[in-house]
Amino acid sequence: MTFQDLGLSADILATVAREGYEEPTPVQVSAIPLILAGHDVLAAAPTGTGKTAAFVLPILDNLRHHANAGYSPARHPVRVLILTPTRELAVQVADAVKVYGRGIPLRSAVVYGGTRIDPEIKLLWNGVEILVATPGRLLDHIGQRSVNLSQVEVLVLDEADRMLDMGFVPDVRKIAGHLPAVRQTLLFSATFSDDIRRLAGEFQTDPQTVEVAARNSVAENLTQVLYPVDDSRKADLLLHLIQRDSMEQVLVFTRSKIGASRLASYLDRRGVSTTAIHGDRTQTERTRALAAFKGRFVKVLVATDVASRGLDIDELPYVVNFELPHEPQDYIHRVGRTSRAGASGTAISLVSPSEVDKLRAVQRLLRKAIPCEVVEEFLPDPDGERVAPVAARRPMSRQGTGGYSRYSSPQRIAGPRPALAAAGR
Ligand code: AMP
């Protein structure tokens, strides 16, 4: 299948070629013709599958007949509204709109909270056809009458599962009240759940469903591994792994903001350049931290789930779960930051004995056990104490659960019994 087969116009095909995309990804193959034909689309597409291009390219194509270089704002009403749960994702989607829309005289803008609203108001007054926004800030603009949404033809809810998690649905409902009832609505979510289907029922009309990967799956070229370790020794183990494997670009997830700051300064003090992004940092700090990480000026970026949403880092080799997430689905979002668009990547989880239930939940979702590796000096004590002297007495393999069979319980997981977990039993 080629991009030509999808029915895109010559302008957009030129853009795709300029970006170096050789063939469409599965979500693009399924979604682009449907969106071009004007259908509502409900798509389950994990991060890194090319989902942004899957909606931006056909939207631009459908909008081309409105393109004009006219000066008057009235000639540039908002025709496409893209809602995202976080500022980072909003910026990323807006960048994609700019890149894919180069050469087409359509205006686009992005608005999100945490920054001054005045410059955004000026931008909106000039008129934009494509608006990317986080829901809260868009409501502020609606309240201040700086934006008129009465001519919106397409509404996109990107990462709708996260909007649900973050409690944005009432805001989205309010926003939808300002849009024409007849419109095209596209809903993208990493995974499908009953809540997502209910949301689709509320905002969409007869949507066509696109599901590109098996439910709740991770990329095929992702290597997953877990290391058993006590909570108190996780930072030491992480430092050890970074040094042992000469890791150059590592995205580390922590559950709390304070945990993120603490870990960042721990690693930094030990000579591993590290920065952090989380909700307590200002937008400028977050943008700066991300730029430093993308530009490889720092090796490690420590992030919380919310702050990391939408991070798009080309060929990111490592993702580390310093703690497993509360919600097993967040594991999939996190590890989706690596092994994007066909590149390979490794997801490492540091799992303490207190997290075994969370691990089981993740493994049930993945329908497979995550292979376990051990670094002997960091093994947790089976009785809750440090393990070093015990480990010295008892020979353990480098791979396998090393006797810590509670980390893998293959009999509780549907699907094939994984060899590594079985070997460790
Ligand atoms: P997304 O899932 O939208 O976050 O996209 C992940 C990455 O895949 C982005 O860096 C895109 O530039 C890239 N990408 C999107 N479509 C293609 C394609 N057809 N071929 C290669 N890379 C792509």
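Predicted model: local features only at pLDDT ≥ 70, side-chain atom pairs only at ≥ 80, totals over all residues.
Visitor: Which atoms of threonine 52 and lysine 51 lie by an oxygen atom of the ligand?
Guide: For threonine 52 it is a polar side-chain atom, 2.6 Å from an oxygen atom of the ligand, whereas for lysine 51 it is a backbone N or O atom, at 3.2 Å from an oxygen atom of the ligand. The protein also covers 83% of the 500 Å² of accessible area that the ligand has on its own.

Visitor: How do you know that the ligand lies between domain 1 and domain 2?
Guide: The shell around the ligand takes residues from both domain 1 (3-211) and domain 2 (222-378), and therefore the ligand lies between them. There are 16 residues around the ligand, with Tyr21, Glu23, Gln28, Gly50 and Thr52 the closest, and by class the shell has seven polar, five charged and four nonpolar residues.

Visitor: Why are the buried residues of helix H9 said to line one face of the helix?
Guide: Helix H9, residues 194-203, has Ile196, Leu199, Ala200 and Phe203 as its buried residues. Seen down the axis of H9, these buried residues fall within an arc of 100°, so they line one face.

Visitor: What makes Asp194, Arg198 and Gly201 of H9 exposed?
Guide: Exposed means over 50% relative accessible area, and Asp194, Arg198 and Gly201, on the other side of H9, are exposed.

Conventions:
Residues numbered from 1 in each chain as written. Heavy atoms only, no water. Near = heavy atom within 4 Å. Polar contact = N/O pair within 3.5 Å; in protein donor to acceptor, adjacent residues only side chain to side chain. Areas by Shrake-Rupley, 256 points an atom, 1.4 Å probe, with all protein chains shown as cover. Nonpolar A, V, L, I, M, F, W, Y, C, P; charged D, E, K, R; others polar. Domains from an automatic or database assignment. Buried < 20%, exposed > 50% of the residue type's maximum accessible area, 1.4 Å probe, protein only. Helix = DSSP H or I, 4+ residues; strand = E, 2+ residues; numbered from the N terminus. Arc of directions from axis to C-beta.
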